[in-house]
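Here is a friendly tour of a protein model, looking at how side chains from separate stretches of a chain come together. Have the structure open as you read.

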Amino acid sequence: MKHVLASLCLLRAFLHALTQCTVRASEFQLDGDYLLGGVFDIHHSVTVYHDRPEAIDCSSQPFSLSSYRKFQLMRFSVEEINNSTNLLPNVSLGYDIFDHCSDTHNFPGILKLFSADGLIQPWGEPHKNVSKVMAVVGPFSSTDTLTIAPLFMKDYIPMISYGAAYSALEEIEKYPSFLRTVHSNKNIIDVIVNIVQHFNWHWVAFLYSDDDFGEDGKDLFMKRIKATEICLAYTHRLNNNTNTSLMFKQIEAQRIHVIIGFAPKLIAEALIESAIQLNVTNKVWIAGDTWSLNKKLHKEKGIQNIGTVLGVSQPVVPIPGFSDFIYSFKNQTHCKNAEQNMFCNQVCNCSNLSPEEILAVDPSFNFPVYSAVYAIAHALHNTLQCGVDQCNGNITVYPYMVLEELMKSNFTLLNQSIQFYENGDPQFGSYSIVFWNHSGDAEDIGFYRFHPSVHFFINNTNIQWYTKGEVPTSLCSPECDVGFAKEHDGIHKCCFNCEICPDGAYINITEDPYTCIKCKETEWSTPGSTSCNLRVVEYVPFTDIGAIVIMIGAWVLVGLTLAMSVLFAINYNTPVVRSAGGPMCFLIFSCLSLCSLSVFFYFGKPSTSFCILRFLPFLLFYTVCLACFVVRSFQIVCIFKIAAKFPMLHTWWMKYHGQWLVITVAFVTQAILLLFGYTFAPPKAYNETLEYPDKIILGCDINLKASFGPVVLLVFLCSLCFIFSYMGKDLPKNYNEAKAITFCLLLLILTWVIFATEYLLYHGKYIQTFNALAVLSSLYSFLLWYFLPKCYIIIFQPHRNTQEYFQGLIQNYTKTISQ
């Protein structure tokens, strides 16, 4: 046997000389002035029951490539800091990292981290020997953290977890030296609830892992949804013995379309793979941050059939230089026996991994690892009072001193300000909201930011729902239509029947969606009302488009009358101006302008003064206008017909200025009628409530008896004017004042017939606008069709504005009559 062993040793020496391999330092250990501890679950243990105490050999357990990537990220971070000239100058960091694959059979490495020279100081003894480890990075899971954290708390050794989200870890009394670079489960649950509320899902299932992380998430979710419309329709604990077939049948039986998966990566993988095998379809899956960026599940055959997957993830922050580090490290040639003398659970057996495989896995939690290492380095930098070139080597550093500086952390790392709250939770970071698209990628569709204030956003347009368009629904009962009250149907608030609220009642779903509330006596409602409202008060404001247009029209009318007045004044002695009425034209222009005042009082909130001014200017001054045209039409007939047959009448008319007498009598009569009518029964604001049960139309109440006299006078003058002007219909073709007056009167009559018809058919607020439009049309009918043609002749046909031209017309007509 001795000869055999000797031969083997010689053979080994010969092979070693031929291969010339490089013996590398362990991936798990690095010497330095100050040591960092690291705890990473590079392998995951399978539950095995032993009949005696036994530490587990992690390297024999299933390998986790994503955890290995985090492990390499810590190594890279330390190397980067050691190569830095700004952080810890002339001070080197080392590390002692352990593969922590079990929370129950994996303590030798943990004990080594807080031991001093292999000895653990009893708590009651004075501290003579202190651990060389200044702080610990890890572990990842909440259960592992809860198990080992108390061991480090006794000596205030800082422990920064890059993945433990268990909410109770924020209790500073129990965990005084615990910090983390990920947010608590409270925040993750907040994001999930926001997603559910954003899409109006009320009926959800919550599947959680059978560990501290899952139980904590379930408890937080149930508390969080109490004040919301979300109902937890189904909940189930997930472990290796879960009957997923029965579970999915129960979910389907309750018509649940939204499933929240709150579990670690391996359990989530088993859940989704089971859903694919069992052909679970048409669901929306909401993934927690532990598996939302899982690369393996994206490539599973049939993943598209399970429905739509949304997720909450740690934002992917690229770490500059990490890829180069992996390629450099993995491309070296190393001896296979280099790690044979390593401490327990410091062996990986992963030398066959390619750099591409490491870099292609789920990048979640990379920045939490990176920021944890840098936070410790900055704290140590401050503890050692480091300057630009060197640190104070005379300071004896204890872990609690590093902890004090950690709690005061305030530095910028990859554009993020790294700070911690008093309980050790991070004041930085955010969550990404992702969607698993059809290309097999987790596409960012939103975010949830914490600082400086909470900001939640989802871009719905980027989501390709399994429904091929509309957002899926998940309801126990369809939402009641507006005006319907809910009636409980079962134990869940999301399950109900709908009943419409009757007349005289309404439903206020924010206060009590289950009771129809009776209206007060002063209120009203129709069936299916959501409130009992007072009648809506309506009137046409000055800002109304129609009102603005009409008021502009009134100002234009004033401008036109002013312009025509100037034109007529300049051409006062010409035949056209004299035939149009001479000085009477200026009276008509003035009255038309004064009539336009009425238009402005049809808008705005009516009052007694508004109601008076709405009718008074028009009735009074339009009477003068009509009287002028009565006189003018009579004069035209008199000149051509009556003067020859009744010369005495013509003489009397000219001697006593009959035209002004008629105008004065008409004006005084109308003024007296208006004075008496408005004294005893003035128009006043009136609330129209009969036509519309839900509205009050503000208008003006007109006393028919008081208004009868002024209106009759206007109708009388209009009729008289029409008779005289119609008598002149056969006057000379080119001498058409009578025809123009007739046409204006026809437009006037048509305008008020149309308004009267509208008034009978329509009783809304815009009847005031129509009334104002009728008034304005009445004014424009004379301005445009009587005076505008005269202006055209004066400006563009001056040859027709001569004495000879008019004299010729009259002589020709006289000869025609005499013949």
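## Side chains that meet

Arg224 counts as partly exposed, because its relative accessibility is 28%. Please keep in mind that this is a predicted model. In the whole structure there are 16 salt bridges and 46 aromatic pairs, and the points below walk you through some of them.

- Arg224 has a charged partner: its side chain meets that of Asp190 in a salt bridge, at 2.6 Å from N to O.
- This pair links distant parts of the chain, with Asp190 in helix 5 and Arg224 in helix 6 (residues 212-224), 34 residues apart.
- Salt bridges can also share partners, and in this way Asp210, Glu215, Lys218, Asp219 and Arg237 are joined into one network.
- Glu170 and Lys186 form another salt bridge, and their closest N and O atoms are 2.8 Å apart.
- Glu170 lies in the loop between strand 5 (159-161) and strand 6 (178-180), while Lys186 belongs to helix 5 (residues 185-198), so this pair ties together parts that are 16 residues apart in sequence.
- Lys186 is partly exposed, as its relative accessible area is 39%.

- Asp425 pairs with Arg180 in a salt bridge, where the closest N and O atoms are 2.7 Å apart.
- Asp425 sits in the loop between strand 13 (416-418) and strand 14 (430-436), and Arg180 sits in strand 6, so the pair ties together parts that are 245 residues apart in sequence.
- Are these two partners buried or exposed? Asp425 is buried, with a relative accessible area of 9%, and Arg180 counts as buried too, at 0% relative accessibility.

**Aromatic rings**

- To describe a pair of aromatic rings, you give the distance of the centres and the angle of the planes.
- Phe213 and Phe262 are a stacked pair, at 4.5 Å centre to centre and with 10° between the planes.
- Since Phe213 lies in helix 6 and Phe262 in strand 9 (residues 258-262), this pair ties together parts that are 49 residues apart in sequence.
- Phe213 is buried, with a relative accessible area of 7%, and Phe262 counts as buried at 0% relative accessibility.
- Phe589 and Phe787 have ring centres 4.6 Å apart and planes at 50°, so their pair is tilted.
- Distant parts of the chain are linked here as well: Phe589 is in helix 16 (residues 583-595) and Phe787 is in helix 23 (residues 767-796), 198 residues apart.
- Both Phe589 and Phe787 are buried.
- The two also belong to one aromatic cluster, whose members include Phe568, Trp752, Phe755 and Tyr786.

**Helix 22**

- Among the buried residues of helix 22 are Ile741, Cys744, Leu745, Leu748 and Phe755.
- An α-helix has 3.6 residues a turn, so residues three or four places apart point the same way.

**Charges over rings**

- Lys70 has its charged end over the ring of Phe140, 4.9 Å from the ring centre.
- Arg449 has its charged end over the ring of Phe447, 3.9 Å from the ring centre.

Methods
Residues are numbered from 1 along each chain as its sequence is written. This is a predicted model: local features need pLDDT of at least 70, side-chain atom pairs count only at pLDDT 80 or more; totals for chains, interfaces and linings use all residues. Side-chain values use heavy atoms; hydrogens and water are left out. A salt bridge is a side-chain nitrogen of Lys or Arg within 4 Å of a carboxyl oxygen of Asp or Glu. Helices (H or I, at least four residues) and strands (E, at least two) are DSSP runs, numbered from the N terminus. Buried means under 20% relative accessible area, exposed over 50%, partly exposed in between (1.4 Å probe, protein chains only). Rings of Phe, Tyr and Trp (its six-membered ring) pair if their centres lie within 6.5 Å; planes under 30 degrees apart count as stacked, over 60 as edge-to-face and the rest as tilted. A charge sits over a ring if NZ of Lys or CZ of Arg is within 6 Å of the ring centre and within 35 degrees of the ring normal.
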